[in-house]
Structure formats: structure tokens, C-alpha cells
Amino acid sequence: MLNWTKEVRIISREGYLVIPAFTRRLLNIEKGDALAFYVDENKIILKRYNPSHGGCGFCGNVEDLINIKNKQVCQNCLQIIKKN
Ligand SMILES: [Zn+2]
């Protein structure tokens with residue numbers, strides 16, 4: 001379900017983006033938490049990233065992982081590797 005918080009933020013000249021306090025409280029995101037960026041067509045999706053859970057060794061993605069010789073690789077990176 002999509003929760004549209006109707007908050008708009010401007011990306012700073014340096015490329016910084018502040019996550020609105022309301023959104024942080026809603027998702028229990030605290031200072032120091034790591035977030036992973038995903039791109040889906042024209043959308044940017046932010047998900048909590050926990051390095052202790054592993055994640056793709058190339059991009060940090062934590063979904064659709066397979067294990068190759070004790071290294072985690074996501075399906076997207078695997079496709080890129082296969083093409084090259
Ligand atoms: Zn990856």
C-alpha cells in the first residue's frame with residue numbers, strides 16, 4: 001500500500017536530500033540508520049539497509065540474493081555479470 005505523505009523536499013546543490021521528520025517517525029528511521037536506494041522505472045525506493053544481513057557485494061541490494069562461493073549477489077548484478 002502506498003502512503004503518500006505529501007511532503008516535498010528540494011535536493012540541495014550538494015545533492016543532499018532530507019527525509020522529512022514525519023516520514024522518519026512513520027517508518028521508525030533514526031539518525032545513523034543506513035538506507036538503500038532502488039530505482040524502479042521513474043521511482044526511487046528507499047529501504048532500510050542492514051549490513052549485518054549481508055546484501056549484494058556489488059550494489060548492497062538485500063533482495064533476490066543468490067550465494068556464489070560465499071558471496072551474495074543480487075539478480076540485477078548477476079544479469080550484468082552474465083552480459084559481460
Ligand atoms: Zn547487486
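**Exercise 1.** In this predicted model, work out how many of the seven residues of strand E1 are buried.

*Solution.* Start with the cut-off: a residue needs 20 or more other C-beta atoms within 10 Å of its own to be called buried. Run through the seven residues of E1 and you end up with zero buried, so the strand lies largely in the open.

**Exercise 2.** Find which strand E1 is joined to, and how the two run.

*Solution.* Look at E2, residues 43-49: seven bridges tie this strand to E1, and the pair is antiparallel. For a spot check, pick Ala36 and look across; Lys47 in E2 stands opposite. Next, go to the turn. The hairpin of E1 and E2 has two residues between the strands, and Glu41 in this hairpin takes a positive phi near 55°.

**Exercise 3.** Now do Asn70: which loop holds it, and is it buried or exposed?

*Solution.* Asn70 is in the loop between strand E3 (65-68) and strand E4 (71-74). Its phi is positive, about 65°, though Asn70 is not a glycine. Count the other C-beta atoms within 10 Å and you get 5, so Asn70 is exposed.

Terms used: Residues are numbered from 1 along each chain as its sequence is written. This is a predicted model: local features need pLDDT of at least 70, side-chain atom pairs count only at pLDDT 80 or more; totals for chains, interfaces and linings use all residues. Helices (H or I, at least four residues) and strands (E, at least two) are DSSP runs, numbered from the N terminus. A residue is buried if 20 or more other C-beta atoms lie within 10 Å of its own, exposed if 12 or fewer, and partly exposed in between; C-beta atoms are placed from the backbone. Two strands pair if DSSP finds at least two bridges between them.
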